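Me: I have a model open and want to go through a few spots in it. Can you take my questions as they come?

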Amino acid sequence: HAALSMFVTSFTTAAAFYANYVSNITAIRCFGVYAGTAILVNYVLMVTWLPAVVVLHERYLLNIFDCFRKPQQRVYNSKSCWTLLCQKFNDLLFAVSETSRIFFEKVLPCIVIKFRYIWLFWFLALTVGGAYIVCINPKMKLPSLELSEFQVFRSSHPFERYDAEFKKLFMFERVHHGEELHMPITIIWGVSPEDNGDPLNPKSKGKLKLDSTFNIASQESQVWIYNFCQKLRNQTFFHQPDEQDFTSCFIETFKQWMENDCDEPSHYPCCSQPKFPFKQEVFELCIKRAIMEIERSTVYHLDSKTPGPRFDTNDTIR
């Protein structure tokens, strides 16, 4: 008799989960398909398997269990502590069951019927309040050119301030919205990929650990980084800056600088060097001169936030 009603409720619930399939998030789509299918399968089992099991239990299993039951004889003079404890526990379960039955069959209907006008007024107030919040203040806003997401909270809420204010400060968000910007990507060498911070403390960032086996001044490292820059230049996302500095690929800029003719003999060996890679002692000497000369001729300035070569406290390139 209840199969049709159960089908309607199961179908509507499954349809709500299947609606998640239009989401762009793969996890939500998979969850919607899984949950909707599970509800429909549960409905099929409820109208087929469960009634069959109940019929089999009442027809066969119930009589079998009755054959093994022994007549209960209450012995009041020789009850053990365990028997008394079980009896108290059964009495407690019976009392809870009766209390629950009385509440749902008598008390709850009485409360609903007697205070029906109060319930009606209360839910009407909730409806009016929800309509005021959604339509007037803070007012749920539809997507627009200025705000492409739904506004759920008031504008001063941190969740909404990112979409309204902070999003414009991040370059990857501005590129995503069609602005002609180039997001820099910094590739770091000479640092060990080791996370030595406390995983249970979000404020523990750990300490930077340098790779002692890395030597950028060696000829093998120079050739490897130069070839890497050449391969990177052939990628579609690469953008060549107009100025000559060390922010794009310092080994290429340094190689071009070393190939310039010597204006004075004292500038040697940091000029007229067409042969690449350079010797380690020449590389360590001339890289400092190249940085100082490029800083004087351009707006480039090497600091802790600018991509380029790094030097330790002993003024040695790392």
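Reply: A disulfide here is a pair of cysteine sulfur atoms within 2.5 Å. The model is predicted, so local features need pLDDT of at least 70, side-chain atom pairs count only at pLDDT 80 or more, and totals for chains, interfaces and linings use all residues. Residues are numbered from 1 along each chain as its sequence is written, and side-chain values use heavy atoms, with hydrogens and water left out.

Me: How many disulfides does the structure hold?

Reply: Two. Cysteine 262 pairs with cysteine 271, with 1.6 Å between the sulfur atoms. Cysteine 270 is joined to cysteine 286, S to S 2.0 Å.

Me: Cysteine 270 and cysteine 286, where are they in the chain?

Reply: Cysteine 270 is in the loop between α9 and α10, and cysteine 286 is in helix α10. They are 16 residues apart, and the pair links distant parts of the chain. Helices are DSSP runs of H or I with at least four residues, numbered from the N terminus.

Me: Which disulfide is left-handed?

Reply: The one between cysteine 270 and cysteine 286, because the torsion about its S-S bond is about -90 degrees. For cysteine 262 and cysteine 271 the torsion is about 100 degrees, so that disulfide is right-handed.

Me: And cysteine 271, buried or exposed?

Reply: Buried, at 4% relative accessibility. Buried means under 20% relative accessible area, exposed over 50%, and partly exposed in between (1.4 Å probe, protein chains only). Cysteine 262 has 28%, so it is partly exposed. Cysteine 270 and cysteine 286 are buried.

Me: Back to α9 and α10. At what angle do they pack?

Reply: About 90 degrees, with the axes 10 Å apart. Axes are lines fitted to C-alpha atoms, for helices over the stretch in contact, and angles run from 0 to 180 degrees between N-to-C directions. α9 and α10 are therefore roughly perpendicular, a label for 65 to 115 degrees.

Me: Which residues in α9 and α10 meet?

Reply: From α9, among them Phe250, Phe254 and Trp257; from α10, among them Phe283, Cys286 and Ile287. Contact means heavy atoms within 4.5 Å.

Me: New topic. Where is glycine 190?

Reply: Glycine 190 is in the loop between α7 (171-176) and α8 (219-233). With a relative accessible area of 13%, glycine 190 is buried.

Me: What does glycine 190 touch?

Reply: Leu210, Asp211 and Phe214, not counting residues up to four places away in sequence. Glycine 190 and aspartate 211 are 21 residues apart along the chain, with their C-alpha atoms separated by 5.2 Å.

Note on methods. Helices (H or I, at least four residues) and strands (E, at least two) are DSSP runs, numbered from the N terminus. Angles under 35 degrees count as roughly parallel, over 145 as roughly antiparallel, 65 to 115 as roughly perpendicular and the rest as oblique.
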